[in-house]
Amino acid sequence: GEYADVAGSTACKACGAGAPLWTTMRKLLVQGENRWVSTDAATDEAACGCDIGARIDVEGGCVKCDIDGIDCPGMGEVYVLPGYYSPTNLSVFKCRSSKACPGGPPGSTCEE
(Lines give C-alpha, C1' and ligand atoms only; values in the text may rest on other atoms or scores of the structure.)
Protein backbone atom coordinates (compact mmCIF):
# COMPACT_ATOMS: atom_id res chain seq x y z
CA GLY A 1 0.00 0.00 0.00
CA GLU A 2 0.98 3.57 -0.61
CA TYR A 3 -0.22 7.03 0.38
CA ALA A 4 0.45 10.65 -0.56
CA ASP A 5 0.18 13.05 2.37
CA VAL A 6 1.06 16.24 0.48
CA ALA A 7 -1.31 17.76 -2.07
CA GLY A 8 0.18 17.73 -5.57
CA SER A 9 2.70 14.97 -4.79
CA THR A 10 4.13 13.21 -7.80
CA ALA A 11 5.20 10.15 -5.80
CA CYS A 12 3.60 8.08 -3.07
CA LYS A 13 5.15 6.88 0.17
CA ALA A 14 5.17 3.14 0.90
CA CYS A 15 3.32 1.79 3.91
CA GLY A 16 5.47 -0.25 6.27
CA ALA A 17 8.61 0.64 4.31
CA GLY A 18 7.24 -1.42 1.41
CA ALA A 19 7.24 -4.68 3.39
CA PRO A 20 4.82 -7.46 2.39
CA LEU A 21 1.26 -7.63 3.77
CA TRP A 22 1.00 -3.84 4.26
CA THR A 23 -1.87 -2.07 2.52
CA THR A 24 -4.13 0.97 2.74
CA MET A 25 -7.64 0.42 4.09
CA ARG A 26 -10.68 2.18 5.44
CA LYS A 27 -13.75 0.99 7.30
CA LEU A 28 -16.98 0.77 5.36
CA LEU A 29 -20.43 -0.50 6.17
CA VAL A 30 -20.77 -3.77 4.22
CA GLN A 31 -24.01 -5.73 4.55
CA GLY A 32 -24.75 -4.08 7.89
CA GLU A 33 -21.27 -4.63 9.37
CA ASN A 34 -18.29 -2.29 9.62
CA ARG A 35 -15.45 -3.98 7.72
CA TRP A 36 -11.99 -3.02 6.58
CA VAL A 37 -11.74 -2.74 2.80
CA SER A 38 -8.73 -1.99 0.64
CA THR A 39 -8.58 1.54 -0.70
CA ASP A 40 -6.56 3.43 -3.28
CA ALA A 41 -5.63 7.10 -3.15
CA ALA A 42 -4.89 7.18 0.58
CA THR A 43 -3.93 10.65 1.78
CA ASP A 44 -2.58 9.81 5.22
CA GLU A 45 -0.24 7.27 6.79
CA ALA A 46 -3.08 6.43 9.21
CA ALA A 47 -4.69 4.51 6.31
CA CYS A 48 -1.72 2.08 6.34
CA GLY A 49 -2.00 -1.23 8.12
CA CYS A 50 -1.89 -4.98 7.82
CA ASP A 51 -3.94 -6.53 5.04
CA ILE A 52 -6.94 -8.78 5.70
CA GLY A 53 -5.58 -12.07 7.05
CA ALA A 54 -2.48 -10.46 8.62
CA ARG A 55 -1.64 -9.09 12.07
CA ILE A 56 1.09 -6.96 13.61
CA ASP A 57 3.91 -8.92 15.23
CA VAL A 58 6.01 -7.89 18.24
CA GLU A 59 8.46 -6.07 15.97
CA GLY A 60 5.75 -3.95 14.35
CA GLY A 61 5.66 -5.77 11.02
CA CYS A 62 2.74 -7.52 9.39
CA VAL A 63 2.71 -11.32 9.46
CA LYS A 64 0.17 -13.87 8.28
CA CYS A 65 -2.65 -14.56 10.69
CA ASP A 66 -2.02 -18.30 10.88
CA ILE A 67 -2.94 -19.07 14.49
CA ASP A 68 -5.95 -21.36 14.98
CA GLY A 69 -8.75 -19.61 16.85
CA ILE A 70 -8.11 -16.02 15.76
CA ASP A 71 -9.41 -13.83 12.96
CA CYS A 72 -7.54 -10.88 11.47
CA PRO A 73 -10.05 -8.67 9.62
CA GLY A 74 -7.50 -5.99 8.62
CA MET A 75 -5.45 -3.03 9.88
CA GLY A 76 -3.74 -5.23 12.50
CA GLU A 77 -6.97 -5.93 14.39
CA VAL A 78 -7.13 -9.37 16.00
CA TYR A 79 -10.23 -11.12 17.32
CA VAL A 80 -10.44 -14.44 19.13
CA LEU A 81 -13.06 -16.74 17.63
CA PRO A 82 -15.90 -18.20 19.72
CA GLY A 83 -14.76 -21.35 21.53
CA TYR A 84 -11.22 -20.05 22.07
CA TYR A 85 -9.44 -17.97 24.71
CA SER A 86 -6.38 -15.77 24.40
CA PRO A 87 -4.66 -13.51 26.91
CA THR A 88 -3.22 -10.36 25.37
CA ASN A 89 -0.03 -12.12 24.14
CA LEU A 90 -1.88 -14.20 21.46
CA SER A 91 -1.30 -17.58 23.06
CA VAL A 92 -4.57 -19.23 21.99
CA PHE A 93 -6.33 -22.03 23.84
CA LYS A 94 -9.41 -24.03 22.87
CA CYS A 95 -12.10 -23.78 25.55
CA ARG A 96 -13.91 -26.80 26.96
CA SER A 97 -17.19 -24.98 26.50
CA SER A 98 -17.85 -22.54 23.68
CA LYS A 99 -20.52 -20.92 25.89
CA ALA A 100 -17.79 -19.83 28.32
CA CYS A 101 -15.69 -18.35 25.50
CA PRO A 102 -17.84 -16.16 23.23
CA GLY A 103 -14.88 -14.62 21.35
CA GLY A 104 -13.75 -11.00 21.05
CA PRO A 105 -10.54 -9.03 21.57
CA PRO A 106 -7.62 -10.95 23.15
CA GLY A 107 -7.70 -10.76 26.93
CA SER A 108 -11.46 -10.39 27.21
CA THR A 109 -12.81 -13.57 25.68
CA CYS A 110 -13.76 -15.88 28.57
CA GLU A 111 -16.13 -15.72 31.47
CA GLU A 112 -14.59 -15.94 34.92
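Are Cys 95 and Cys 101 buried or exposed? And how do the other cysteines compare with them?

Reply: This is a predicted model. Start with your pair. Cys 95 is buried, and Cys 101 is buried too. A disulfide joins these two residues, with an S to S distance of 1.9 Å. The angle about that S-S bond is -90°, and the link of Cys 95 and Cys 101 is left-handed.

Now widen the view. The whole structure holds four disulfides. One of them connects Cys 15 and Cys 48, S to S 2.0 Å. This link is left-handed as well, with -60° about the S-S bond. It ties distant parts of the chain together, 33 residues apart. Cys 15 sits in the loop between strand S2 (13–14) and strand S3 (22–30), while Cys 48 lies in strand S5 (residues 48–50). Cys 15 and Cys 48 are both buried.

Next comes the disulfide of Cys 65 and Cys 72, whose sulfur atoms are 2.0 Å apart. Its torsion about the S-S bond is about 65°, so this disulfide is right-handed. Cys 65 and Cys 72 are buried.

Cys 12 is another case. Its closest cysteine sulfur is in Cys 15, but the gap is 9.4 Å, so that is too far for a bond. Cys 12 counts as partly exposed because its relative accessibility is 47%.

Finally, the setting. The protein has eleven strands and zero helices. Of its 112 residues, 28% are buried. Cys 95 and Cys 101 are buried.

Notes
Residues are numbered from 1 along each chain as its sequence is written. This is a predicted model: local features need pLDDT of at least 70, side-chain atom pairs count only at pLDDT 80 or more; totals for chains, interfaces and linings use all residues. Side-chain values use heavy atoms; hydrogens and water are left out. Helices (H or I, at least four residues) and strands (E, at least two) are DSSP runs, numbered from the N terminus. Buried means under 20% relative accessible area, exposed over 50%, partly exposed in between (1.4 Å probe, protein chains only). A disulfide is a pair of cysteine sulfur atoms within 2.5 Å.
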